[in-house]
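Morning, everyone. Please have the sequence and the model open while I talk. I'll go through the fold piece by piece.

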Amino acid sequence: MSISTVIVKPTKHCTAQCDYCSAPPEVNGAPKWSVDQFKQYFDKLAPYLTGRAVLIWHGGEPMLMPPDFYWKAFEYARSINPEVRFSIQSNLLSYDSKRWKDVFEQVFEGSVSTSFDPDERNRYFKGSTKLYSKIFWKRMDALISDGFVPKIIGTYTDETADLADVMYERVKEYGAMAPNLRFNYRYPAGRDSGKGELISPDNYGKMIIRLYDRWIKELPEFTITPLDEMLKKVIHLEVNRCPWTRECGGKFLGIEPNGDVYNCSEFADLGDTEYRFGNIDEHTIPEMMRSLPARRIRRRRVELPMDCTTCRHFSECEGGCMRDAVLYDRGLGGKFYYCWSWKMTFDRIKESVRNGEADGAIRKFKMDPDTVRRNQNLHPAKTAAA
């Protein structure tokens, strides 16, 4: 058993109110971890963590925990596993250089991600979307001035897909210190539960291919996820990268504020205890890994739709995210809903590697494009419709 990533949620309290958030609409009385609780949880986790395991602090809003919490948690974790790493996913509305700069620099080592949507209609602070946007960009400016390069995650729908270029242009203005970007499809979980498809696979695929074509031509300072990760998979620079791995069962964990444990926070956000491994206050890690939900999730390694295993992109995609297969009522062994998006995009990426369009992007990963082409057994060029 080797756990490489743990998504830890010390609280589901939040400073903002977002229309599609996975946190419950009412969180008064929701638990907050103490340092002693973290120590107890880490003692249980530590024997099963890989050497350079990463703990991703999430929420709710993890910056509602004071800086001292993270200093003490980090010092304790490092005393047991000297290579363990901390990262944080925050809305950044509470960022203040005097309180947080040293924590972000020494505890999180600059590994910071945040969220923002350019439609500016779903994220509220004190009841105002405009106030949220104003404070967000003010905090972003402060963070960048302090020398950090965060990743901004946005979610897109059929209605807002064209605004992806707005985010691209906005971060370009930061020049060499431009934040990295992640473009996600918005999915019907959390407060969006029951809404069905929010962006079609075809529209999402077209959106990220449009961004890819800009990215490999302009070669900006910032990365664009999932495109950078998909390119790395194609050129065999990375393996076992979420969501392009069927090996995540037992290697990732998500711990909720109340101690409930899931394979990841994405499964926790479904709000279905059918996928709960157990509770870290009540069970050991081996007990939870032997639970029926954990064993069912590990079956994804071998239980995939037949047309996945015969797909021209299987070695890169590996069948896509099983949580999303569940989310769209296809079951743990079912078809990933955005399969068509990945097919379109991997076709385009492989074409660009083959014809030299991606040479600049490959060099940014410190690889030689000619060597990549010689070493990679890419399929003959095909269109997405093939």
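I'll start with the ground rules, then take the sheet, the domains, the core and a few single residues.

This is a predicted model, so the thresholds come first: local features need pLDDT of at least 70, side-chain atom pairs count only at pLDDT 80 or more, and totals for chains, interfaces and linings use all residues. Residues are numbered from 1 along each chain as its sequence is written, and side-chain values use heavy atoms, with hydrogens and water left out.

Helices (H or I, at least four residues) and strands (E, at least two) are DSSP runs, numbered from the N terminus. Two strands pair if DSSP finds at least two bridges between them.

First, the sheet. What is the strand order in the open sheet of 10 strands? It reads β9-β8-β7-β5-β4-β3-β1-β10-β11-β12. The pairing is mixed. Look at the edges: β9 (224-225) and β12 (278-279) each have a single partner strand, so one side of each lacks a neighbour in the sheet.

Go to β3, residues 49-57. Ile56 stands opposite Ser87 in β4. Helix α1 (residues 35-45) packs on this sheet. It touches β1 (3-8), β3, β4 and β10 (252-255). Its direction makes about 145° with that of β3. Contact here means heavy atoms within 4.5 Å. Angles like that run from 0 to 180 degrees between N-to-C directions, with axes fitted as lines to C-alpha atoms, for helices over the stretch in contact.

Stay in β3 for Thr50. The scale is simple: buried is under 20%, exposed is over 50%, and partly exposed is in between (1.4 Å probe, protein chains only). Leaving aside neighbours within four places in sequence, Thr50 contacts Ser2, Ile3, Ser4 and Asn81.

Next, β10. It pairs with β1 in the parallel sense over 4 bridges. Ile7 stands opposite Gly254 in β10. With β11 (residues 260-262), β10 pairs in the antiparallel sense over 2 bridges. There, the bridge partner of Gly254 is Tyr262. The hairpin of β10 and β11 has 4 residues between the strands, and in it Gly259 takes a positive phi near 95°. Which way do the β10 residues point? Phe252 and Gly254 go one way, Leu253 and Ile255 the other, and all are buried.

Now the domains. The chain is divided into domain 1 (3-235) and domain 2 (252-336). Those bounds come from an automatic or database domain assignment. The C-alpha centres of the two domains lie 21 Å apart. Their contact takes 26 residues from domain 1 and 27 residues from domain 2. The area buried between them is about 2300 Å². Carbon and sulfur atoms give 58% of that. Buried area is the accessible area (1.4 Å probe) that two parts lose on being put together, summed over both.

Then the core. The largest nonpolar core has 112 residues. Phe38, Leu55, Trp57, Phe86, Phe104 and Trp342 touch the most other members. Both domain 1 and domain 2 give residues to this core, so it lies between them. By nonpolar core I mean a set of buried Ala, Val, Leu, Ile, Met, Phe, Trp, Tyr and Cys residues joined through side-chain atoms within 4.5 Å.

Most residues other than glycine have a negative phi, and most peptide bonds are trans. Here are the exceptions I picked. A cis peptide bond joins Gly59 and Gly60, with omega about 15°. Gly60 sits in the loop between β3 and α2 (67-80). The bond from Thr225 to Pro226 is also cis, with omega near 15°. Pro226 is in the loop between β9 and α7 (227-234).

Glu318 is not a glycine, yet has a positive phi of about 60°. It lies in the loop between α12 (314-317) and α13 (322-327). Glu318 counts as buried, at 8% relative accessibility. Asp329 is not a glycine either, and has a positive phi of about 60°. Its place is the loop between α13 and α14 (339-355). At 74% relative accessibility, Asp329 counts as exposed.

That's my tour. Thanks.
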